[in-house]
Amino acid sequence: PAERAALKDKIRRLLREKNAVMVSHYYVHPDLQDLAEETGGLVSDSLEMARFGRDHTAQTLVVSGVRFMGETAKILSPEKRVLMPDLDATCSLDLGCPVDEFSAFCDAHPDRTVVVYANTSAAVKARADWLVTSSCALEIVSALKDKGHKILWAPDRHLGGYIQRETGADMLMWGGSCIVHDEFKAFELKALMKEHPAARVLVHPESPADVVALADAVGSTSAILKAAHEMEAQEFIVATDSGMMHKLRTLNPGKLFLEAPTAGNSATCKSCAHCPWMAMNCLADVARVLETGANEVHVDPALGLRARIPIDRMLAFTA
Ligand code: 13P
Ligand code: SF4
């Protein structure tokens, strides 16, 4: 604890000295979430992280999350220095959608509007017409459908399937998935619901369809927080990364939050639903990158300009 307190003090000082601000995702360690908020930064979902980084006056952004979040920040603010605690923190959706194969897929379907999830590389974004995050995907696809667009969707098949079921849009789908949300299990969830009949079920749409079907509320990390706050219930079962529990519990002190079961849940593995790449972010590395300037995110400027088009469309749509 003494070492953690010292590291936090050091980070607070370095943020001031370097004219820097911290932006953290809800899935990173609680220390990194609290420190971001306490120092005038932000803890939020991937959509609001992007917007905040773009609009803040600080010249250095420290992005605690995964690679695509740092890249999006850099694309939106090429003049700023974007640092990440660990540049190897990636995402199974990004890894599962290599740009060459994705480009060939797009080339084979030129009649379709390309809608890409934020959890992708800058190169994949540069092939897209629209970018979406889980908090605006439904509205954006719905608006495109109303205008008669046929969609090419990548990479998350569960989120894509959910949107297709909700909107009835014509969507051709890439086959990626999130290794964390893909693990939630409907059979075990039903058993937990029986044990807690008063509990409401909150599900991130990167989860499989049979898990989504059991939800009282489906939505992004921000939507889950909102639902937990607004619903009358005192008990909730939550199907998303366990990093979310920190914010859910601190904002709703009287309420009980249970983790939804995954294949790996057992007496010895309480937090199987935790992203290994989000877990790579730590206080020591935040202090180190601020001190040394290491782990700067670079995006090729020409690629960044092209990738910015779908991101700007999304930000304007959700403004
Ligand atoms: P958001 O709900 O924050 O967009 O989460 C998506 C995600 O899984 C980030 O890794
Ligand atoms: Fe990617 Fe899933 Fe980790 Fe989010 S939780 S970064 S979608 S692997």
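Me: A nonpolar core is a set of buried Ala, Val, Leu, Ile, Met, Phe, Trp, Tyr and Cys residues joined through C-beta atoms within 7 Å. Which residues have the most contacts inside the largest one here?

Reply: They are V62, V115, V132, V141, L202, V238 and L290, in a core of 95 residues. A residue is buried if 20 or more other C-beta atoms lie within 10 Å of its own, exposed if 12 or fewer, and partly exposed in between, with C-beta atoms placed from the backbone. This is a predicted model: local features need pLDDT of at least 70, side-chain atom pairs count only at pLDDT 80 or more, and totals for chains, interfaces and linings use all residues. Residues are numbered from 1 along each chain as its sequence is written, while chains are lettered from A and ligands numbered from 1 in the order in which they are written.

Me: What is L202 in contact with, leaving aside its neighbours within four places?

Reply: A215, D216, A217, I224, A227, A228, F236, V238 and A239. Two residues are in contact if their C-beta atoms, placed from the backbone, lie within 7 Å.

Me: How many helices and strands does the protein have?

Reply: There are 15 helices and 12 strands. Both are DSSP runs numbered from the N terminus: helices are H or I with at least four residues, strands are E with at least two.

Me: Take α8. Which of its residues are buried?

Reply: In α8, residues 137-146, the buried ones are A137, L138, I140, V141 and L144. They pack against β5 (113-117), β6 (130-132), β7 (151-154), α9 (157-167) and α15 (301-317). Just after α8, G148 has a positive phi of about 90°.

Me: What joins A154 and P155?

Reply: A cis peptide bond, with omega about -10°. P155 sits in the loop between β7 and α9.

Me: Switching to ligands. Which residues are around ligand 1?

Reply: D45, S46, V66, N119, T133, S134, S135, C178, E206, S220 and T221. Near means that the C-beta atom, placed from the backbone, lies within 6 Å. By class, two are nonpolar, seven polar and two charged. Ala, Val, Leu, Ile, Met, Phe, Trp, Tyr, Cys and Pro count as nonpolar, Asp, Glu, Lys and Arg as charged, and the others, Gly among them, as polar.

Me: What is the shell around ligand 2, by class?

Reply: It has 10 nonpolar, two polar and two charged residues. V66, C91, C178, V180 and C275 come nearest among the 14.

Me: What domains does the assignment give?

Reply: Domain 1 is 2-89 + 279-298, domain 2 is 93-173 and domain 3 is 181-274. Such bounds come from an automatic or database domain assignment. The centres of domain 2 and domain 3, over C-alpha atoms, are 26 Å apart. Eight residues of domain 2 are in contact with 12 of domain 3. That side of domain 2 has two nonpolar, five polar and one charged residue.

Me: What percentage of the 319 residues is buried?

Reply: Buried residues make up 49%.
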